Amino acid sequence: MSALFRLTLPFVFFLIVNNVCAYDEPVKFNNIEHEERYQALIEEIRCLVCQNQSLADSNADLAQDLRKEVYDMIVAGKQDEQIITFLVERYGDFVMYRPPLKENTWLLWFGPFLLLSLALIIAIIVIRKQSSSDYTEPDMDDNQKQRLAELLNEELGKGKDKE
Amino acid sequence: MIPELGHFALIMALVMAITQSIFPLIGAANGNQAWMALAKPVARLQFLFVSIALAILSYSFLTNDFSVAYVAHNSNSLLPAIYRFSAVWGSHEGSLLLWVFILSLWTIAVTFFSRGLPNYFLARVIAVMGLVSVGFLLFMLFTSNPFDRLFPTPADGGDLNPLLQDFGLIIHPPMLYMGYVGFSVAFAFAIAALLGGKLDVSWAKWSRPWTTLAWMFLTLGIALGSWWAYYELGWGGWWFWDPVENASFMPWLIGTALIHSLAATEKRDVFKNWTILLAICAFALSLLGTFLVRSGVLTSVHAFATDPERGVFILILLSFFVGGSLLLYAIRAPSTKSGGQFKLFSRETFLLFNSVLLLVVMSTVLLGTLYPLIVDALGKGKLSVGAPYFNAVFIPLMTPVAVLIGIGAIVRWKQDDASRVWQQLRLLLFASIFIGVTAGFMFYEVHLFRTIAGIIAASWVTLTSLAAFKARLTNKKNKLAALQIIPRSFYGMTLAHIGFAFCIIGITITSQHSVDLHERMAIGDSVEFAGYKFVLDKMHVVSGENYQATEAVVNVFKNKRQITTLRSQKRIYAVRNMPMTEAGIDSGLMRDLYISLGEPLDDKAWSFRLYHKPFVRWIWLGAIFMSIGGMLAATDRRYRLKVLKHKTTLSDKLATST
């Protein structure tokens, strides 16, 4: 350890401790399933004091406290649903990045798929309408069609070269 | 005195912009050649004045002129010179100036590279771009003047947000704006075509290279933003579905639909109205993006400027441009004659499906972004819509896009035989499934379903693109000559589609197989993680120009051999007294090792976060391929030659005569 380091370390510590809460102790699980659930949960819970960060990403004091609470609940054997219910009761739906499916989110969850169906139906109607209108296929057998396609391709290729 | 000159230059730019929009429009309407001819020189003058304004603002930053409020709020005498320069667009007023500057840059590019365009058409294009400029200059002069003075003059400035004191800020915003604002060219072409009432193939041909270029810049801009967030924010994320990211992603989705729809319009004289609508939509979304980011309606990690008064102004601008162009569209579109015919089973159909899908994806992103605002505004509660929602709806909607890319590459224009296509695709489909399943089971143990699905999708896109490419070489005697005959745009398309496949691989594997570890480490401690051994070698203090940092030096070993040294810093920026984490990253094609220094736990140990992120580079690599592809397509021979001579080509004749 260099002398400079020894001398300046307290100063740097002071600055950092003053700015953010120093509580950042890594959490340890005895149980891999608990750990995975913890990780998945804190990624879906919103830090309420940050602009737009999950608990997993945030360094704010509140986020650290909440992480601790989630940790305690998981270790205490609570299920994900119970933890979410607890958090939503305390902070409202705002705390969850995955909006619950209920009356005011119905449009949010089903809207995209309704829109998709609607858009595809319209697209098919439009295509059918135009492909059946005043256009008749010349009477050709498959060989002739193939030959025509080849000729056309060749011709198009040439046209581009000359351009 | 000098900042006042900048202010004056902006006013002059406004005068030019007004002239540029009014006279050519009227001239084009009643055939007055002199008035139309005004468009080019006035647009160039506008560019000159906007450049002067930008130069003066940069000068004020470089000379630390804190009597200018914008400089005082966003710079500091301690700020390194390079960031003083990029701080010009570090906040609201300056980024608007950058917006207008880039708009005028695109405008003069149009004046120089448009010799093939008819006078009346060019006049209208430049006039529409002038009109957009008028809107933004008014906005700047009335609500966000970057040259406003501050009295009394502070002794020093408030400094640039440390997050922005990075190489990323120098290039990300200009690139993104080149994309955003570039769609104003496509928009101007569309409006000019609508005003002229003549929607023909030539309009699509003129507008195509510009649109592709804008799309290329936007692709690069978004990728740069993602990369920047990844290394700068310190928790290894590369996409957050943050409203600000969505704001740039929505025009990209529509821009992608637009460049494909334009291809069909140009080649086959189809979807003319649809393409016009997409062009309007792409630009509307660029404006909406500006509105979302700049108005303060959102609270997000990126929004640095918030002010509701400005929001109302942008909303008025947005309504004017979107409302006005949709009204024009509603009047003119019904009279468009339908062009080329095609059967249900044809490339046209697949292109249309894909652009419809992209529109639906965009609407979903829009819905998710605005939903919390709408619900809140209606008093129906507060909720958050975040990554879990977007991933849940985005992935199922994007999967068919990948499937359709493959089919679209093989199917012929106009009509095709389903059994022929199936015969050609069958083998590729089986090969993709084989690759996906084999690679999945060989390399991975968890999240197998998603991993395999992702690899199949990427293989499918790659193999079908290569097959379409190979089809161009079959029945050719001299393969080398055949390679030279293939148009550059086709190379571009193939490369871009393969780039998309790279993105799929990167996104899938990084999302499913990244691992991280939160660990306490003291000097000398070592941690085994993801097959590597991390040893905390030392902690020391580093001084930067305007910050003090504690740096952790971590040696990384694999199989007892040291492979790299990672350095992660906790910086304290002097002026704002704000902590920042600088991640230590060892990047590689197959994986990134990423460490970020946390907080001190006691007098000896610190907390660390270690991340192993496989294939994360492929996401940006894919975006780079897409951009190069766009570049190749935009500089295709026929667009370059069109400048010298414009004659109807055989493909045009064919397309219009059918």
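This is a predicted model: local features need pLDDT of at least 70, side-chain atom pairs count only at pLDDT 80 or more; totals for chains, interfaces and linings use all residues.
In which helix of chain A is A:Lys145 found? This residue belongs to helix 6 of chain A, which covers residues 142-162.

**Chain A**

The secondary structure of chain A consists of six helices and zero strands, and, when the chain is read along its sequence, these elements give the pattern α-α-α-α-α-α. A:Lys145, in helix 6, is partly exposed, because 16 other C-beta atoms lie within 10 Å, a count that falls between the 12 or fewer of an exposed residue and the 20 or more of a buried one. Although A:Lys145 and A:Asn104 are 41 residues apart along the chain, their C-alpha atoms are separated by 56 Å.

**Chain B**

Chain B holds 21 helices and nine strands. Its radius of gyration is 27 Å, close to the 26 Å that the globule rule gives for 658 residues, and chain B is therefore as compact as a globular protein of that length. Taken along the principal axes, the box filled by the C-alpha atoms of chain B is roughly 80 × 70 × 55 Å.

**The two chains side by side**

| Chain | Buried residues | Contacts joining residues at least 24 apart |
|---|---|---|
| Chain A | 18% of 163 residues | 44% of contacts between residues at least 6 apart |
| Chain B | 55% of 658 residues | 75% of contacts between residues at least 6 apart |

**Domains of chain B**

The domain assignment of chain B gives domain 1, which spans 1-165, and domain 2, which spans 515-615. How far apart do the C-alpha centres of domain 1 and domain 2 of chain B lie? The distance between these centres is 42 Å. Where the two domains touch, the contact takes seven residues from domain 1 of chain B and eight residues from domain 2 of chain B. Sorted by class, the side of domain 1 of chain B that touches domain 2 of chain B has five nonpolar residues, together with one polar and one charged residue.

Notes:
Residues are numbered from 1 along each chain as its sequence is written. Chains are lettered from A and ligands numbered from 1 in the order in which they are written. Helices (H or I, at least four residues) and strands (E, at least two) are DSSP runs, numbered from the N terminus. The radius of gyration is taken over C-alpha atoms; the globule rule is 2.2 Å times the number of residues to the power 0.38. Domain bounds come from an automatic or database domain assignment. Ala, Val, Leu, Ile, Met, Phe, Trp, Tyr, Cys and Pro count as nonpolar, Asp, Glu, Lys and Arg as charged, and the others, Gly among them, as polar.
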